[in-house]
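Trainee: Could we go through this protein together, step by step? I'd like to see how each answer is reached.

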Amino acid sequence: MAFPRDLATLETGHAAGVAWSPFGPSGVGPRWNGAARDEGATDAMPKLGVAAIPWIALFVFAPVIGEQIKLPGLERLIWACADLAALVFLVLRRDLAATLFGSRLLLLTWPLLAIVSALWSLTPGLSAYYGLQLLATIVAGIALRTTMGLSRIIRIVFLGLLFAQILSAILTVVAPSLTRGMNGDWAGIYSHKNVLGSMASLQILCAACLFLRGWNRLLTAVGFGLALALLVATHSATALVAAMVGLAPLAAIFAWRQGKHVTGFCLGLVIALAGIGIVVLAARGADISASLLSDLGKDRTLTGRTILWQFGLDQFWREPLIGVGYRAYWDSPLTTAAYLHFVTKQKLWFFHNNFIDAIVAFGIVGLIVFTVTFLDMGRRVIAHFARSSGYVEAWPILFMSQLCVLICLECPLFINHGLHQLLFAALLPVMGSGNVAGRMIHGRAAFRA
């Protein structure tokens with residue numbers, strides 16, 4: 001059984017770009033990377049095909065708590081299927097295993113560290129089990145990128161989240177008691193407003209890139225509008241800020257692609273606004289900070305997050321070098337997790353900060369591994385965009401920008417069975433065995449000569 005491989009050379013047509021028009025393709029555009037191309041044309045984007053359906057279902061149901069929609073255990077079944085798909089992929093493409101894993105070497109240190117932490121974990125069996133699930137999630141992300149390619153991935157995410165958001169809107173109207181919090185915040189088919197907010201902010205990025213790329217603009221515009229409406233309805237300030245930060249690079253890329261005059265004007269405007277902002281902050285910084293938090297619906301504890309962070313830091317100083325093991329803090333009776341749940345009156349299982357989760361689980365070693373991997377992924381995403389600077393290739397930069405907010409206020413990464421973790425593994429192209437074989441043949445020919 002052969003899978004199509006996601007090589008940079010197979011994703012042709014995305015690097016070239018032209019000035020965007022709201023009325024669709026113009027047929028003529030400025031040259032970009034030495035080629036004139038109709039950015040509105042969608043013939044360069046490969047069709048999704050039947051193989052995309054299971055992936056779409058994953059993005060619809062994986063973040064859902066089954067009890068929320070009266071289907072208990074649904075999310076576990078979905079992720080079990082994803083784990084099985086990852087295993088099947090490894091078996092069928094074992095000839096590519098070294099190449100595939102080599103392209104994500106730093107990222108694979110995460111599940112390796114999680115599994116190895118069973119040696120000193122307070123809950124060794126659970127740490128090893130969750131570490132294997134994290135490995136399966138990363139392999140599933142690699143399989144998604146290898147078999148689907150970036151342009152398909154964005155459409156898969158868009159269609160999956162669109163279906164989930166339609167279900168959320170319907171369920172909120174039909175059964176508001178199941179989907180709304182005490183303050184009227186919408187949660188949709190998800191367990192919490194922050195989950196719906198994070199999915200909506202991710203959908204906004206997908207819809208914006210696909211709209212500018214010219215793929216089914218009516219559908220993407222509807223998806224963007226629905227995601228924005230749900231984002232506002234959740235009252236999730238974290239998701240709102242993540243959406244704005246995620247869209248910021250797209251605005252810069254859009255201006256850049258319109259030519260030097262538009263770029264210069266936008267750059268001058270940004271510098272002028274930044275100067276005004278610095279003056280205002282210097283004059284009334286404290287008042288503005290309090291006002292901004294109030295406008296976002298936050299207090300100075302960031303809705304209790306600073307309390308969680310204090311618990312996490314206290315635990316870190318008890319085991320600063322190697323931590324207590326992957327996710328062991330939340331499952332062991334020897335930690336302060338039970339007291340944390342009592343104080344916050346919530347059954348939490350992360351600290352709403354990826355850095356604190358890393359240092360609690362793995363100590364200073366975890367902080368170094370997590371930070372280095374994240375920065376390296378950002379560097380590689382930017383380098384890949386520099387080689388193929390289309391709107392589709394811009395999506396990983398938008399996703400990384402959004403993650404910069406979420407890793408500070410939520411916990412999207414280093415999580416077994418998390419959609420953001422799966423997409424994080426799928427950001428970069430995978431060099432296939434064809435390139436390796438080509439280099440081997442070239443090397444043999446040179447040796448014979």
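Predicted model: local features only at pLDDT ≥ 70, side-chain atom pairs only at ≥ 80, totals over all residues.

Trainee: How many helices and strands does the protein have?
Mentor: Let's begin with the secondary structure. The strand count is 0. The helix count for the protein comes to 18.

Trainee: What share of the residues counts as buried?
Mentor: To be buried, a residue needs a relative accessible area under 20%. The protein has 449 residues, and the share that passes is 49%.

Trainee: What share of the contacts with a separation of 6 or more joins residues 24 or more positions apart?
Mentor: Here we look at contacts in the protein between residues with a separation of 6 or more. Those that join residues 24 or more positions apart make up 74%.

Trainee: How far apart should the ends of helix α2 be, and what does the model give?
Mentor: Helix α2 runs over residues 74–92, which is 19 residues. The expected span is 1.5 Å times one less than the number of residues, so α2 should span 27 Å. The end C-alpha atoms of α2 agree with that, being apart by 27 Å.

Trainee: Where do the buried residues of α2 sit around its axis?
Mentor: The buried residues are Leu 74, Glu 75, Ile 78, Trp 79, Ala 82, Ala 86 and Phe 89. Looking down the axis of α2, you'd see them within an arc of 130°, so they line one face of the helix.

Trainee: And which exposed residues are on the face turned away from the buried side of α2?
Mentor: Exposed means a relative accessible area over 50%. On the face of α2 turned away from its buried side, the exposed residues are Arg 76, Leu 77, Leu 84 and Leu 87.

Trainee: Is the aromatic pair of Phe 158 and Trp 215 stacked or edge-to-face?
Mentor: The whole structure has 20 aromatic pairs. In this one the ring centres are 6.1 Å apart, with 90° between the planes. An angle over 60 degrees counts as edge-to-face, so the pair of Phe 158 and Trp 215 is edge-to-face.

Trainee: How many residues apart are Phe 158 and Trp 215?
Mentor: Phe 158 is in helix α6, while Trp 215 is in the loop between α8 and α9. Phe 158 counts as buried at 0% relative accessibility, and Trp 215 is buried at 14%. The pair links distant parts of the chain, and the two residues are apart by 57 residues.

Trainee: Is the pair of Tyr 326 and Phe 362 stacked or edge-to-face?
Mentor: The ring centres of Tyr 326 and Phe 362 are 6.0 Å apart, and the angle between the planes is 10°. Planes under 30 degrees apart count as stacked, so this pair is stacked.

Trainee: Is His 341 buried or exposed?
Mentor: His 341 is in helix α14. Beyond neighbours within four places in sequence, His 341 is in contact with Trp 330, Gln 346, Lys 347 and Leu 348. The relative accessibility of His 341 is 13%, so this residue counts as buried.

Trainee: Last one: how many disulfides are there?
Mentor: Two cysteine sulfur atoms must be within 2.5 Å to count. For Cys 408, the nearest cysteine sulfur belongs to Cys 404 and is 7.4 Å away, leaving Cys 408 in no disulfide. For the structure, the number of disulfides is 0.

Key:
Residues numbered from 1 in each chain as written. Heavy atoms only, no water. Helix = DSSP H or I, 4+ residues; strand = E, 2+ residues; numbered from the N terminus. Buried < 20%, exposed > 50% of the residue type's maximum accessible area, 1.4 Å probe, protein only. Arc of directions from axis to C-beta. Contact = heavy atoms within 4.5 Å. Phe/Tyr/Trp six-rings, centres within 6.5 Å; stacked < 30°, edge-to-face > 60°.
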